[in-house]
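Here's a quick tour of a few spots worth a look. Have the model open as you read.

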Amino acid sequence: MKNRNTVLILGITSILILISVQVFIITGVWKQKNELFAIRYFFFSQEAIYNIRREMSTDGFDTVRLLLDQYSEQAVKRLRTLSDKKELADSKKDILDYFTKVVNQEQDLSELLSKYFESRGLDKNFKYKIIVNNVELIDNDTIIIYQKEDFSTHKPPDRARRNSPMDIYSSSILVRGGTQLEGNNYRLNFDYFIDFSDKQKVILKETSAALGWSTLSILLVGIMFMITYKNLMEEKRLSNLKTDFINNMTHELKTPLSTITVAGKTLEMPQIRSDDAKILETAKLIGKQSIHLNQLINMMLEISMWERTQFQLDKRTVDIEEIMNDVVDSFKSGGGNSASISQKYDFRGAKVDLDVVYFTTLLNNLLSNAVKYSDKQPVIDIEGFTQDNNLYIKVSDNGIGINKIDQKHIFDKFYRASTGNIHKFKGLGLGLYYVKKIAEAHGGDVSVNSKPGKGSIFTVTLPNN
Ligand code: ADP
């Protein structure tokens, strides 16, 4: 268990480290692509503006110029008539609003840029924003209407400044910085920013290969880990089963061996040797235990033979009901004498091709388990019927039952649900493995339905031909 947890923790940690490294790399790539995108589009924009100017003789602000010219002539006159401070401030605010509105709404640069990008096969969808830096009205002298705090320093639009309106467009590109428009009565300075709405999509497309490969590598490592882990656990399970089997087998072999040893010692005793009846009894005991030993050894040999070769069935056509009755009768007079057994058959005289010896083993194993795994007076119901070209044999008991997890494994070789508790119910974990092998060799199968504490139902299906 400890081993298993360590492997799990190690595996999951390595995968998490791998994921973090991949995320780190991808974010790096993403950042780089982001910057490249900004640089690329900045250069495209500059090129576009240059070409628009050259080919169309406009910078896209012709309408703006016209409107501002007309407006500022009136505005400056109005401003000169005002002396009240508050009125003056309100009026300046109105003028700034108008300038900002006109420069944002009436410019054609955005449309021209969009068309230019489209003609070059670039992303044409972008949002724009014009940030006004400075507005001045001029007649005889200059009236400052608005001036952005850092404007007077006239810094060139460096990177930091380019990103300054972070709150508005966090990833916007400054296309025109410090653009100056001048008329007879005004001077306007502004920055023109664009922000591509499909930028994330474009970058995602560009990084998709890297993203795909890293996801694939994570998936592959994950799958490989799962497979290795499963194999490791399966190996461990098998090795545990083998250890249990060796323990059980040693225990099974020791019992008849020690009886034989004791019986041998008994025969050496002078008082026994003079008693013919005692000698005969001891000899019979030795004989019985030797047969048991022989059976155990044969069973071992048989399993290893099954591993190497297919079952060699010696089939003959038999009346199934007759065979069932024979096996159950001899079981009743043997190991099953403590159980109350009922039989109910509806085989309709079915004749089946069976290897009688193996079939007897199959049924005996089910019946002896029904008695063995019982904590009260065993009650066994045997039912048999035919349905859809199949023959069904059900063996139900009122025993200890089997939980869901064990039900998945009880037909495996050496598997014992009561692993660890080998002395309470003796066994080697082979009985049901035999049952399944024999049923399959006859073209059939076996299944279990059980509830702990309520009992179990084993159903054997055989083809009825
Ligand atoms: P063994 O009896 O030697 O352990 P089996 O292959 O016959 O081996 O059975 C495998 C396991 O299935 C048993 O260890 C037991 O826990 C469980 N089992 C089998 N038959 C029954 C039954 N009728 N009722 C409850 N548990 C059973």
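## Gln407 and its surroundings

Beyond its neighbours within four places in sequence, Gln407 is in contact with Ile402, Val448 and Ser450 (contact means heavy atoms within 4.5 Å). Its side chain also reaches the backbone oxygen of Ile402, at 2.9 Å. Gln407 sits in helix H11, residues 404-407. Helices here are DSSP runs of H or I with at least four residues, strands are runs of E with at least two, and both are numbered from the N terminus.

Is Gln407 buried or exposed? Gln407 is buried, at a relative accessible area of 12%; buried means under 20%, exposed over 50% and partly exposed in between, using a 1.4 Å probe and protein chains only.

## What you're looking at

This is a predicted model, where local features need pLDDT of at least 70, side-chain atom pairs count only at pLDDT 80 or more, and totals for chains, interfaces and linings use all residues. Residues are numbered from 1 along each chain as its sequence is written, and side-chain values use heavy atoms, with hydrogens and water left out.

## H6 against H8

Helix H6 (residues 199-268) packs on helix H8 (residues 276-308) at an angle of about 160°, the axes being 9 Å apart. That makes H6 roughly antiparallel to H8, a label for angles over 145 degrees. Axes are lines fitted to C-alpha atoms, for helices over the stretch in contact, and angles run from 0 to 180 degrees between N-to-C directions.

Who meets whom? On the H6 side, the residues include Phe245, Met249, Leu253 and Ile260, while H8 brings, among them, Ile279, Leu285, His292 and Met300. By class, the residues of this H6 and H8 contact split into 14 nonpolar, 7 polar and 1 charged. Ala, Val, Leu, Ile, Met, Phe, Trp, Tyr, Cys and Pro count as nonpolar, Asp, Glu, Lys and Arg as charged, and the others, Gly among them, as polar.

## H10 against H12

Helix H10 (residues 356-372) and helix H12 (residues 431-441) pack at about 145°, with axes 9 Å apart. Their contact has 9 nonpolar, 4 polar and no charged residues.

## Asn337, out in a loop

Asn337 lies in the loop between helix H9 (320-333) and strand S6 (340-346). At 60% relative accessibility, Asn337 counts as exposed. Leaving aside neighbours within four places in sequence, Asn337 is in contact with Phe331 and Lys332.

Notes:
Parallel < 35°, antiparallel > 145°, perpendicular 65-115°, else oblique. Polar contact = N/O pair within 3.5 Å; in protein donor to acceptor, adjacent residues only side chain to side chain.
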